[in-house]
Amino acid sequence: MLTCAFLPPSSPDPKDESCLTHLFESFTDPNHNLHNWTKPTFSNPCSDFSFNLAGVTCNNGRVYKLSLQNLNLQGPISPYISNCTNLQSLDLSNNSLTGPIPEELQFLVNLAVLNLSSNRLSDGIPPALAMCNYLNVIDLHDNILTGPIPPQLGSLVRLSVFDASNNKLSGPVPSSLGNRTGNLPRFNASSFAGNKDLYGFPLGPMRNKGLSVVAIVAIGLCSGLVSLVLSFTVVCVWLRSMEQRRAAEQEGKVSQMMPDY
């Protein structure tokens with residue numbers, strides 16, 4: 001005899017609803033790739049009826065993976081994404097997202113993969129990402145991130161992929177990333193390339209910030225102009241003195257020719 005046990009569906013988590021709602025509201029979706037992202041589905045995103053929510057993967061009734069790459073999404077990343085507390089993989093690469101990387105990502109304590117590459121994200125890399133102890137992948141290449149690379153990221157012992165190339169980062173490459181010791185994976189120059197103000201192993205030493213070519217040309221032009229003005233002034237003074245001398249000589253000749261009365 002076969003017995004069938006019907007397990008009740010897991011109840012939705014209100015945090016997942018908040019996470020997806022705010023994320024959807026922060027995005028602009030010009031191509032309507034998220035056409036089935038609607039408020040009714042957010043209330044229970046992992047139900048049988050909404051399990052095919054675009055880019056959302058569930059496990060045990062919770063959102064554990066967001067794959068929203070190559071969708072031409074615009075706008076900032078909502079800090080409420082931290083409400084998807086069971087999230088293990090976040091891929092928002094190859095969009096047109098702007099604004100900072102939310103510091104609230106630190107609350108995604110189960111996060112293993114973070115791919116925010118090929119967007120227009122700005123400001124600095126949050127040091128608080130080091131709170132995500134399970135991170136294996138941090139891919140931030142091809143954005144416009146500024147400031148230093150947080151050395152705290154070197155404490156992520158599971159980190160095997162790190163790419164911050166082609167940004168506007170500055171300062172030294174943290175030795176905790178560029179020169180890791182023991183059995184920890186080391187990251188070569190390609191992980192840091194394309195940041196002209198970044199230096200230190202495995203990149204080259206700090207560059208001397210000498211005068212640019214434009215500044216050198218400008219200085220040369222200004223020097224030439226000053227020399228020309230000085231030369232012109234000297235010539236004018238000399239001509240003026242010669243005229244005064246000739247006038248004085250001419251006046252002397254005229255006075256000698258005048259008869260005395």
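User: What kind of peptide bond joins Phe 201 and Pro 202?

Analyst: The bond between Phe 201 and Pro 202 is cis, with omega at about 10 degrees.

User: How do you know that Cys 19 and Cys 84 form a disulfide?

Analyst: Their sulfur atoms are 2.1 Å apart, and a disulfide is defined as a pair of cysteine sulfur atoms within 2.5 Å, so the pair qualifies. The link has -105 degrees about the S-S bond and is left-handed. It connects distant parts of the chain, 65 residues apart: Cys 19 belongs to helix H1, and Cys 84 to the loop between strand E3 (74–75) and strand E4 (89–91).

User: Why are Cys 19 and Cys 84 called buried?

Analyst: Buried means under 20% relative accessible area, exposed over 50%, and partly exposed in between, using a 1.4 Å probe and protein chains only. Cys 19 has 0% and is therefore buried; Cys 84, at 0%, is buried too.

User: What makes the link between Cys 46 and Cys 58 left-handed?

Analyst: The torsion about its S-S bond is about -80 degrees, so this disulfide is left-handed. The sulfur atoms are 2.0 Å apart. Cys 46 comes from the loop between H2 and E1 and Cys 58 from strand E1, so the link ties together parts 12 residues apart in sequence. Cys 46 is buried at 14% relative accessible area, and Cys 58 counts as buried at 10%.

User: How many disulfides are there in the whole structure, and what is the pairing pattern?

Analyst: The search finds 2. With the bonded cysteines numbered in sequence order, the pattern is 1-4, 2-3.

User: Why are His 32 and Asn 60 called exposed?

Analyst: His 32 has a relative accessible area of 58%, so it falls in the exposed class. Asn 60 stands at 69% and is therefore exposed as well. His 32 is in the loop between H1 and helix H2 (39–42), and Asn 60 is in the loop between E1 and E2.

User: What makes strand E1 and strand E10 the edges of the sheet?

Analyst: The open sheet has 6 strands in the order E1-E2-E4-E6-E8-E10, with mixed pairing. Strand E1 (56–59) and strand E10 (161–163) each have a single partner strand, so one side of each is left without a neighbour in the sheet. Neighbouring strands are turned by 20 degrees against each other on average, direction ignored. In general, strands of a sheet pair through backbone hydrogen bonds, either parallel or antiparallel.

User: How do you know that E6 and E8 pair?

Analyst: Two strands pair if DSSP finds at least two bridges between them. Strand E6 (residues 113–115) and strand E8 (residues 137–139) have 3 bridges, in the parallel sense.

User: Which strands does E5 join?

Analyst: Strand E5 (residues 96–99) runs parallel to E3, joined by 2 bridges, and parallel to strand E7 (residues 120–121), again by 2 bridges. Gly 75 has Leu 97 in E5 as its bridge partner, while Thr 98 has Arg 120 in E7.

User: How does helix H1 lie on the strands?

Analyst: Helix H1 (residues 14–26) lies across E1 and strand E2 (62–67), at about 25 degrees to E2. Such angles run from 0 to 180 degrees between N-to-C directions, with axes fitted to C-alpha atoms, for helices over the stretch in contact. Contact means heavy atoms within 4.5 Å.

User: Where does pLDDT stay under 50?

Analyst: That is residues 1–9, for which the model has 0 contacts beyond four places in sequence. pLDDT is the predictor's confidence in each residue, from 0 to 100. Where it is low, the predicted coordinates should not be read in detail. For the chain, mean pLDDT is 82, and 74% of its residues reach 70 or more.

Technical notes:
Residues are numbered from 1 along each chain as its sequence is written. This is a predicted model: local features need pLDDT of at least 70, side-chain atom pairs count only at pLDDT 80 or more; totals for chains, interfaces and linings use all residues. Side-chain values use heavy atoms; hydrogens and water are left out. Helices (H or I, at least four residues) and strands (E, at least two) are DSSP runs, numbered from the N terminus.
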